[in-house]
Amino acid sequence: MEIPYTDKPRPDTGLYNAKLGIWLFLASEIMLFGGLFSAYILLRVNAAEGVWPAVKLAWPHGLLNIPIGTFNTAVLITSSVTVVLAWASLKMNNFARFRMFMVITVFCALSFLGIKSYEYNEKFTHYELRLNDGKAYTGHLIVNGEHPGFWDFSKVYNLEQLKAKTNVTSIKFTADPEKAEGHGHGEAGAHEHKELDLKTDQIAHLDAFLPRNHTFFAIYFTITALHGLHVLGGALVLAYFAFPGAKLWKTHPEQFTNRIEVGGLFWHFVDLVWIFLFPVVYLL
Amino acid sequence: MSATHTSTLPQHGQGHSHSHDAHDHHEPNFWHKYVFSTDHKVIGVQYAMSALSFLFFGFLLMLCMRYQISHPGEAIPIVGSLMERVLGEAASGGKMSADLYNSFGAMHGNIMVFLAIVPLVFAAFGNYVVPLQIGAIDMAFPRVNMASYHCYWMGGVTWFTGFFLPGGAAKSGWTSYSPLATVAEFGHSFNGQTALLVGLVLLITSSLLGSANFIATVVQLRAHGMSWMRLPFFVWAQFVTAFLLLLAFPPLEAAGILQLMDNVFHTSFFLPTGLVVGGSQLPVSGGGSPLLWQHLFWFLGHPEVYVLVLPAFGIVAEVIANNTRKPLWGYKSMVYSVIAIGFLSFIVWAHHMYLTGMGTKISTFFQTTTMMISIPSVIILTALFISLWGGSIRFTVPMLFAVAFLPMFGIGGLTGLPLGFNASDIYLHDSYYVIGHFHYVVAPGTMFALFAGVYFWFPKATGRMMNEFLGKVHFWGSLVCMNMVFAPMFVQGFKGMSRRMSDGGAIYFGKDVAYGADPGVLKLNNMILASALLLFVFQLPFIFNFFWSIWNGRKVTSDNPWDATTLDWATPTPPPHGNFLKEPIVYRGPYEYSVPGASRDFTPQDQKDPKG
Ligand code: HEM
Ligand SMILES: [Cu+2]
């Protein structure tokens, strides 16, 4: 008594069960990310002018690190290629090559996550600052000679926390050079880093680039984190297939190859989401 | 899946000392048999028992609320003191605070929709019956099926923790409208709403695993000869429902994640700029959109109401064909209609939002699609009515419930039309009329179909019939009481009574404050309460009957006690693990009743020769 079509396709549908299953799962995932992308569109279309004072735009722009993002895109695309090669190696009965390509795939996935967390850290230590006199900047904060960091969350400040948690009454702030298209409030013509010495009571608003700071960051962090979870989940499953799960290759090679195909389909989907995500949040 | 292998099945049921070859067998201890089972029938029963308990609990919540609104400011007898002991402050003196009333209301709605009706009508009946009806040995992914149930269960538990979190359980309606849902308990990140959202993510995961599994099963595991147009209508209804769940739920998951971010990390996805709460501006960035929540919510919300009702159509169709002893009238148009409903239900959602100021053009669009979707619904209902025509009807208990479903759902659907026109909805929106509308669809509608299904398939699952007399008491009592509970709500709604008042409207209609409204509508609250209590009493015969019959009901004398045609009745009773003794082969459509020239008045789908 076994469930039919776990390895061979059913003649009239041309699919084995798991392949249909993964396509259905992906359909649902498309609706999930579709919902989030629609949210992005609606928030952006509705964003009011001047809500993001530092660059006087309705929607913060150009704050993400494009070279790193591009590199990460390349990393993911590479992994998509290697996952296909891994599957093809199984089809050609070459288990060693399969394992090699799978290891590369998982390595790419982990690199992607590593790079992403570097980027996250960059944002969590980057600040938006507004002064009582209306001037606004983005830049880095120095409190007591230290840059508050992401890994020590207790030192990511907003204004209230800064006042409450530290006994300092003045800070240093390294303002970013003004972007050509930024039309910032900052002093005209400032094209390089500028050190500001500020008393805390000159400050009207101070917050790191955290989700709570602006709906742009909110949606950016939410979608990329959810995508990151998918990458992590995918990497774990693929790693499982490459090592402990590979036992199945000896007993049911056909079913094992199917599993790799299904895993690969999921991996392509994760890649595809990123390919939409990258231009939408980094470039547009 | 060889026939020789499956033929040893009956012994498998009773301790299997023989089969050494069956590597997938170990001693089934309690855990394996009842908790970690991958058998679709066990999972179906697990869903049924859990969901029926939730149904009962949801009903109790509502009874408390009904008592409180017809006796504002008075302690609730019996349960009041218990509530105070469990929930403390919020129920001090045995009275519900307004916040607690809101919690109960929100939890009643959520529990009924997500933990009771959908799991019953889709997961329980679908799991038990669909594989049997298509002639499969199990679902396509049995372990995924088990995971689906476990996620469901964890989701339910997570929700219940909400009652004990600061501020109590979620209290912003089953629709969790933002910004209310975020600001209601802004001081605590881990409040009832957070528990609700986390639970929702688990429930959506469960529904995703379940629905993908259903679709794969129907597509891949149909028996030989079971072509698409030979599928019982029930299977079609479940199949379309699975697509609704698969595709409509994820946007709600997206919305839930965003609201979770709003609640826990203080983002502003749904919080507009300059939101003032309790006199001071909320310390958030703003820039979000409350309307976005509503769009994402109702994008699920409307398909969800069809999730509630399509499987009910399926159950009713099976029961009616079986008890009229004639084929369903217009089987094919019913199938096409159910598919059409599936598609259309994705483009009507904003008829829940006419009053939000989303714009008249958008309203007009959704008004049009809403009218369009009523057409296939009416086709199905009409086909079922016509199916009754000229049949020699057996008024068994399942049939009573199925027949009553038709006019009750009819009332629900017809009262939806004035809500679908945006001119009339602007008056009726958020009044008791809306409550009346959807309860007619779900309570005497879907729930009657559920009862029909329980009485109908009970002998297959247990080998015993439920008691007929108690069943009839249950039926007539429920029919009368349901109508006495919900019909007055239309009147209250017409008179402008809001659906969300913890004092039942006293503040608007009471003797101190008169807005020219008719205080008579308040009296209806008392009648509704009395009927609801009576409705409770009439569920007792059902509960007793259900458990009593498991052990003491009349034993069935055949595997097919209702003389039905579909494959679910071609299995042993109760069906063993693996379902069929030999691989079923299908020769004909699902409803070959009273075929001229056949030897009996029914010809099962797996019978080759009608004269045989
Ligand atoms: C086919 C005809 C139907 C039409 C035209 C219709 C129309 C509507 C409309 C316009 C509303 C929004 C009312 C308002 O909030 O002002 C509504 C509410 C509702 N309908 Fe229907 N409906 C129909 C059938 C159904 C069915 C079949 C179900 C479920 C099984 C259902 C369940 C609901 C629910 C649950 C609500 C209330 C949601 C809430 O605000 O809490 N309806 N209906
Ligand atoms: Cu609707």
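Here is a short chat about a predicted model, its ligand and some of its salt bridges.

Reader: Before we dig in, what kind of model is this, and which pLDDT do side-chain atom pairs need?

Author: Residues are numbered from 1 along each chain as its sequence is written, chains are lettered from A and ligands numbered from 1 in the order written, and side-chain values use heavy atoms, with hydrogens and water left out. It's a predicted model, where totals for chains, interfaces and linings use all residues, local features need pLDDT of at least 70, and side-chain atom pairs count only at pLDDT 80 or more.

Reader: Which element gives the largest share of the shell around ligand 1?

Author: Ligand 1 is surrounded by 23 residues, where a residue is near a molecule if one of its heavy atoms lies within 4 Å of it. In chain B, α11 (290–324), α14 (397–420) and α16 (432–462) each supply at least two of the shell residues; helices here are DSSP runs (H or I, at least four residues), and strands are too (E, at least two), numbered from the N terminus. The largest share, six residues, comes from α14(B).

Reader: How far is an oxygen atom of ligand 1 from an N or O atom in the side chain of B:Asp425?

Author: B:Asp425 is listed among the closest residues, along with B:Trp174, B:His429, B:His437 and B:Arg499. For B:His429, an oxygen atom of the ligand is 2.6 Å from a side-chain N or O atom, and for B:His437 a ligand nitrogen is 2.9 Å from one. For B:Asp425, the distance from a ligand oxygen is 2.5 Å.

Reader: Moving to chain A, which residue forms a salt bridge with A:Glu261?

Author: A salt bridge is a side-chain nitrogen of Lys or Arg within 4 Å of a carboxyl oxygen of Asp or Glu. In this one, the closest N and O atoms are 3.0 Å apart. The partner is A:Lys19.

Reader: Is A:Glu261 buried or partly exposed?

Author: Buried means under 20% relative accessible area, exposed means over 50%, and partly exposed is in between (1.4 Å probe, protein chains only). A:Lys19 has 22%, so A:Lys19 counts as partly exposed. A:Glu261 has 18% relative accessibility, so A:Glu261 counts as buried.

Reader: And how many salt bridges does the structure hold over all chains?

Author: Another one joins the side chains of A:Arg130 and A:Glu128, at 3.4 Å from N to O. In chain B, the side chains of B:Glu592 and B:Arg588 meet at 3.2 Å. Over all chains, the count is 17.

Notes. A polar contact is a pair of N or O atoms within 3.5 Å; within protein, one must be able to donate a hydrogen and the other to accept it, and residues adjacent in sequence count only if both atoms are side-chain atoms.
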